[in-house]
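Subject: A structure for you to look at

Hi there,

Here is the structure I promised to pass on to you. Have a look at it first, and then read on for what turned up in it.

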Amino acid sequence: MDLETALSRPVPLDRCEGLLREALLRRRAELQKSWKHFISAEYLASLGSLAPEVGSFLSGQDPIRDWRFVANFTWMNCEATFLDSLRAIALGGKVEYQPSNTSPSRLLTADLNKLSSSERLQALCDRYRCPLNIGLPSESDVAEELLRQLMVPDRAKLEAGEEIDADFVLLKLNLVGIRAMITRELRLVDALNYFYELPKRSLTRLQTSPRLLALWLCIYAQLLCAPDW
Amino acid sequence: MRVAIIAGSISGGIRIAKEIENLSGVDLFVVVCNVEKRSPLLRWSREILSALKTFRWQTLATKAFSYARQSRLIILHRPLDDASSIERLRALQCDVGLHAANVIYRESTISVFRLGILNAHIGILPKYRGRCVAEWSVLQGDPTGVTVFFIDSGIDTGARIVLREFFPSEGWRSVPALKNMLFRCDARLYRKALEALMRPGVRFESNDASKGQRYYVMSSLFTKAVNKILAASLMTSG
């Protein structure tokens with residue numbers, strides 16, 4: 001069969017997109033009701049002032065911010081810390097950033113993987129102090145490697161009940177989620193779908209890092225509502 | 001041309017062998033690997049179960065016996081990349097291997113075959129590498145099909161594509177049904193690929209990894225959406 005015949009689809013592409021969007025919105029409604037299953041009251045309380053904001057964001061239907069127009073082709077510098085910027089992005093707030101005249105040298109994934117888990121975490125937090133930078137085209141190799149790590153070794157470890165570095169896994173989920181908000185790439189949002197669907201016993205192991213877990217859920221909620229997949 | 005089918009079970013190997021054995025100029029072997037290092041009891045129980053599932057177990061047993069008698073059925077007890085297994089494969093002096101087992105190949109195994117090991121990948125390369133590529137193709141409105149290419153130690157990155165065939169996803173009501181159809185094309189497409197390789201001046205299409213992406217296991221949310229797309233296409237096509 002030739003390509004032309006194979007491409008003649010009885011289901012138009014917009015119908016496929018409609019079915020996809022329907023599925024994502026259904027998941028958003030589910031998350032709205034069930035997010036408390038992911039973060040126990042005790043861990044939620046440990047978030048301090050962040051807890052009510054996260055609660056209201058996940059339970060409500062806040063307007064969704066389109067980050068694609070914020071992240072352009074220029075590297076951005078943030079005055080705020082990585083966690084503060086991540087919080088602003090996750091809750092659809094305002095991120096204070098300055099376009100930079102220079103961008104850091106390319107981060108080679110081979111170099112990143114040579115570092116210890118805590119060093120990698122630090123290296124990523126430093127590089128993506130303005131987390132929107134993960135959405136830049138120059139960061140595609142890093143994003144691809146983070147996606148691979150999530151979907152191959154991290155997923156396997158979580159499913160097998162093996163020891164994981166919850167901070168690092170959640171950092172990757174947050175960064176991959178931010179890139180998905182900017183690039184609208186289905187593989188990236190599906191990584192978040194997959195982790196959301198993991199058995200509860202696997203996900204409760206991520207509660208040891210409640211702040212990153214809560215922010216990841218908020219980013220996921222934004223992705224599910226994005227209008228144009 | 002000396003060809004070895006690298007299979008995960010005797011029935012899997014014989015199924016492909018039946019399609020290829022009458023191909024002129026092909027000297028065929030069936031190599032059965034111990035996938036997942038199963039114990040002998042588990043391994044042979046699975047073999048028997050898999051043979052019974054074919055509903056033609058008598059034909060299968062006769063075929064297997066015939067291959068064994070001619071020393072063309074090789075049962076590996078050690079993992080495929082173990083030195084003893086590689087030595088047994090090397091002794092066969094094969095030109096081509098046909099992938100039919102759920103194993104990952106190391107360079108040491110691939111290099112035993114003069115031309116390499118062919119894989120019938122159920123996605124269109126170079127665009128769709130990795131896992132669940134049939135469902136990803138449907139979800140993204142791309143054609144589905146099978147690509148036969150020579151593997152390397154990467155994930156669907158082997159540079160030489162021998163052939164590619166498109167099979168429409170319409171008419172299949174679910175992801176498992178679609179994938180089963182695509183997987184079942186392997187024997188026929190391996191035959192076509194071997195025919196192509198035996199023609200003088202065979203040319204390969206390049207599998208340029210930069211023109212595609214690696215895909216991963218799909219979430220149940222998206223898999224359900226793909227099932228709905230397939231069901232909708234079934235209704236549309238009548």
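This is a predicted model: local features need pLDDT of at least 70, side-chain atom pairs count only at pLDDT 80 or more; totals for chains, interfaces and linings use all residues.

**Helix H2 of chain B**

Helix H2 of chain B covers residues 40-53, which makes 14 residues, so at 1.5 Å a residue the span should be 20 Å.

Which residues of H2(B) are buried? They are Arg43(B), Glu47(B), Ser50(B) and Ala51(B). These residues cover an arc of only 100° around the axis, and therefore sit on the same side of H2(B). A general rule is handy here: an α-helix has 3.6 residues a turn, so residues three or four places apart point the same way. The other side of H2(B) has exposed residues, namely Leu41(B), Ile48(B), Leu49(B) and Lys53(B). As for what covers the buried residues of H2(B), the list includes helix H1 (10-20), strand E2 (27-32), helix H3 (57-69) and strand E3 (73-75) of chain B.

**A cavity with residues from chains A and B**

How many cavities of 30 Å³ or more does a search of the whole structure find? The search finds 1, and the volume of this largest cavity is about 40 Å³. Its lining is made up of Met151(A), Arg187(A), Asp190(A), Ala191(A), Trp136(B), Tyr216(B) and Val217(B). Helix H10 (residues 186-197) of chain A gives the largest share of that lining, with 3 residues. Sorted by class, the lining has 5 nonpolar and 2 charged residues, and no polar ones.

You will find Met151(A) in helix H8 (residues 140-160) of chain A. Is Met151(A) buried or exposed? Its relative accessibility is 3%, and buried means under 20%, so Met151(A) counts as buried. Apart from its neighbours within four places in sequence, Met151(A) is in contact with Ala191(A), Tyr194(A) and Phe195(A), and also with Tyr216(B) and Val217(B).

**Backbone details in chain B**

- The peptide bond from Leu125(B) to Pro126(B) is cis, with omega near 10°. Pro126(B) lies in the loop between strand E5 (116-121) and strand E6 (128-130) of chain B.
- Ser71(B) is not a glycine, yet its phi is positive, near 60°. This residue is in the loop between H3 and E3 of chain B, and Ser71(B) is exposed, with a relative accessible area of 52%.
- Gln93(B), also not a glycine, has a positive phi of about 50°. Gln93(B) is in the loop between helix H4 (83-92) and strand E4 (96-100) of chain B, and is exposed at a relative accessible area of 59%.

Enjoy exploring, and write back with any questions!

Best wishes

Terms used. Residues are numbered from 1 along each chain as its sequence is written. Chains are lettered from A and ligands numbered from 1 in the order in which they are written. Side-chain values use heavy atoms; hydrogens and water are left out. On a 1 Å grid over the protein atoms alone, a cavity is a set of points where a 1.4 Å probe fits but cannot get out, and a pocket is an open set with protein on both sides within 12 Å along at least five of seven lines; lining residues have an atom within 4 Å of a point. Grid points are joined across faces, edges and corners, and a volume is the space filled by probe spheres set on the points. Helices (H or I, at least four residues) and strands (E, at least two) are DSSP runs, numbered from the N terminus. Ala, Val, Leu, Ile, Met, Phe, Trp, Tyr, Cys and Pro count as nonpolar, Asp, Glu, Lys and Arg as charged, and the others, Gly among them, as polar. The expected span of a helix is 1.5 Å times one less than its number of residues. Buried means under 20% relative accessible area, exposed over 50%, partly exposed in between (1.4 Å probe, protein chains only). The arc is that of the directions from the helix axis to the C-beta atoms. Contact means heavy atoms within 4.5 Å.
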